[in-house]
Amino acid sequence: MSNAPHVKMRSWLFAPGDSEKKMGKAIASEADIALLDLEDSVVPDRKADARKMVAHAIASAPDRARVWVRVNPLSGHWTEDDLDAVISAGPGGLFLPKAEGGHDVTTLDAMVTPREEAAGIAPGSTKVAALVTETAAAMFTTGTYDGAPRLAAMSWGAEDLSSELGASEQRGPDGEYSHVFEMARSLCLLGAIKAGVMPLETVQPEFRDLEALETRARRVRAQGFRGMLAIHPAQVAPINAAFTPDAEEIAHARDIVQAFAENPTAGALQLDGAMIDRPHLALAERLLAEAGG
């Protein structure tokens, strides 16, 4: 992915920014990204204290590149104060909620750049992930993130969208998302691929059902997602497992690459009793690149 930093981004573990204990656990966990939250998990009266705590947690982290911050949305009046507090600490990136198009990422970039310069941080080094389906308006702009500065990933959310819609349920009796939320997931995936950034699956609130979590994570990975958000440390291991190619997948991908290397002019080949063509080669090469060879 074009703008993605050189760190793994399979699991993104949220931790409330006003809890030193939970932030410490997230940073010490096996999550690829510790996502310190200044938005929904912090009530207004705690925002100021949380900013200081988050800045300290970032500065104290052994690897700041994997510590990101979810700031408050641009539609409110807290984003500037969030950035004033955390950019100088050097987080790996920012998570922008309630984004309503690539122009919001451009706006955030313009806010971050002078703060990086003031802190002696290379402009553009603080990456951005955007939550792109949290409002009705946002659903119509998921395809506008091409070329957005700093953008490394896009994710979607059901909770804020259901609140805006006045929807009392997000899933049917079978546990699957209903149409409008499944559409949000699909639009996020398509928009992220169009923009050349990582598509991330949203959280699973039922954090104790780890078997269901891994099943869902494997299913969305098969659909094209590259990682998933988590709300509890116990969810990290199943997510990492689901988004890590196993030995059988890697071996099969290598067989595909080898088959086409031996037949460079072929458009389609037989392998293990099945037909494979150039799109299979592209998928195999991507899998091997993400697996490190």
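Colleague: How many residues does helix 2 have, and what does helix 2 reach from its first C-alpha to its last?
Modeller: Keep in mind that this is a predicted model. Helix 2 covers residues 47–60, which is 14 residues. At 1.5 Å a residue, a span of 20 Å is expected, and the model comes close to that. From first C-alpha to last, helix 2 reaches 20 Å.

Colleague: Are helix 1 and helix 2 roughly parallel or roughly antiparallel?
Modeller: Their axes come within 11 Å and cross at roughly 30°. The crossing is right-handed, and Glu20, Met23 and Ile27 of helix 1 meet Met53, Val54 and Ala57 of helix 2. Angles under 35 degrees count as roughly parallel. Helix 1 and helix 2 are therefore roughly parallel.

Colleague: Which residues of helix 4 make the contact with helix 3?
Modeller: Helix 3 and helix 4 pack with their axes 10 Å apart, at an angle of about 35°. On the helix 3 side, the contact uses Thr79, Glu80, Leu83 and Asp84. On the helix 4 side, the residues are Leu108, Met111, Val112 and Arg115.

Colleague: What is the handedness of the crossing of helix 3 and helix 4?
Modeller: The angle to picture here is about 35°, between axes 10 Å apart. The crossing of helix 3 and helix 4 is right-handed.

Colleague: Is Asp82 buried or exposed?
Modeller: Asp82 lies in helix 3. Leaving out residues up to four places away in sequence, Asp82 touches Leu38, Arg51, Val71 and Asn72. Residues under 20% relative accessible area count as buried. Because its relative accessibility is 0%, Asp82 is buried.

Colleague: Which residues touch the most other members of the largest nonpolar core?
Modeller: That core holds 61 residues. Back in the largest core, the residues touching the most other members are Leu36, Leu94, Tyr145, Leu151 and Met154.

Colleague: What is the phi of Lys98, and where is Lys98 found?
Modeller: Most residues other than glycine have a negative phi. Lys98 has a positive one and is not glycine. At 22% relative accessibility, Lys98 counts as partly exposed. Lys98 is found in the loop between strand 4 (93–96) and helix 4 (102–119), and its phi is near 55°.

Colleague: What is the phi of Arg150?
Modeller: Arg150 lies in the loop between helix 5 (136–139) and strand 6 (151–155). With a relative accessible area of 5%, Arg150 is buried. Its phi is positive although the residue is not glycine, with a value near 75°.

Colleague: What is the relative accessible area of Phe140?
Modeller: Phe140 lies in the loop between helix 5 and strand 6. The C-alpha atoms of Phe140 and Glu20 are 120 residues apart along the chain and are separated by 38 Å. Phe140 counts as exposed, because its relative accessible area is 75%.

Colleague: What separates the C-alpha atoms of Ala138 and Ala184?
Modeller: Ala138 is found in helix 5 and is buried, with a relative accessible area of 0%. Not counting residues up to four places away in sequence, Ala138 touches Ala99, Glu100, Val132 and Thr133. Ala138 and Ala184 are 46 residues apart along the chain, and their C-alpha atoms are separated by 9.5 Å.

Colleague: Which residue follows helix 7, and what is its phi?
Modeller: Helix 7 (residues 179–195) has 17 residues and reaches 24 Å, close to the 24 Å expected. Its buried residues include Phe181, Ala184, Arg185 and Cys188, and what covers the buried residues includes helix 6 (159–165), strand 7 (198–201) and helix 8 (210–223). After helix 7 comes Gly196, with a positive phi near 75°.

Key:
Residues are numbered from 1 along each chain as its sequence is written. This is a predicted model: local features need pLDDT of at least 70, side-chain atom pairs count only at pLDDT 80 or more; totals for chains, interfaces and linings use all residues. Side-chain values use heavy atoms; hydrogens and water are left out. A nonpolar core is a set of buried Ala, Val, Leu, Ile, Met, Phe, Trp, Tyr and Cys residues joined through side-chain atoms within 4.5 Å. Buried means under 20% relative accessible area, exposed over 50%, partly exposed in between (1.4 Å probe, protein chains only). Helices (H or I, at least four residues) and strands (E, at least two) are DSSP runs, numbered from the N terminus. The expected span of a helix is 1.5 Å times one less than its number of residues. Contact means heavy atoms within 4.5 Å. Axes are lines fitted to C-alpha atoms, for helices over the stretch in contact, and angles run from 0 to 180 degrees between N-to-C directions. Angles under 35 degrees count as roughly parallel, over 145 as roughly antiparallel, 65 to 115 as roughly perpendicular and the rest as oblique. A crossing is left-handed if the near helix is turned anticlockwise from the far one by less than a right angle, and right-handed if clockwise.
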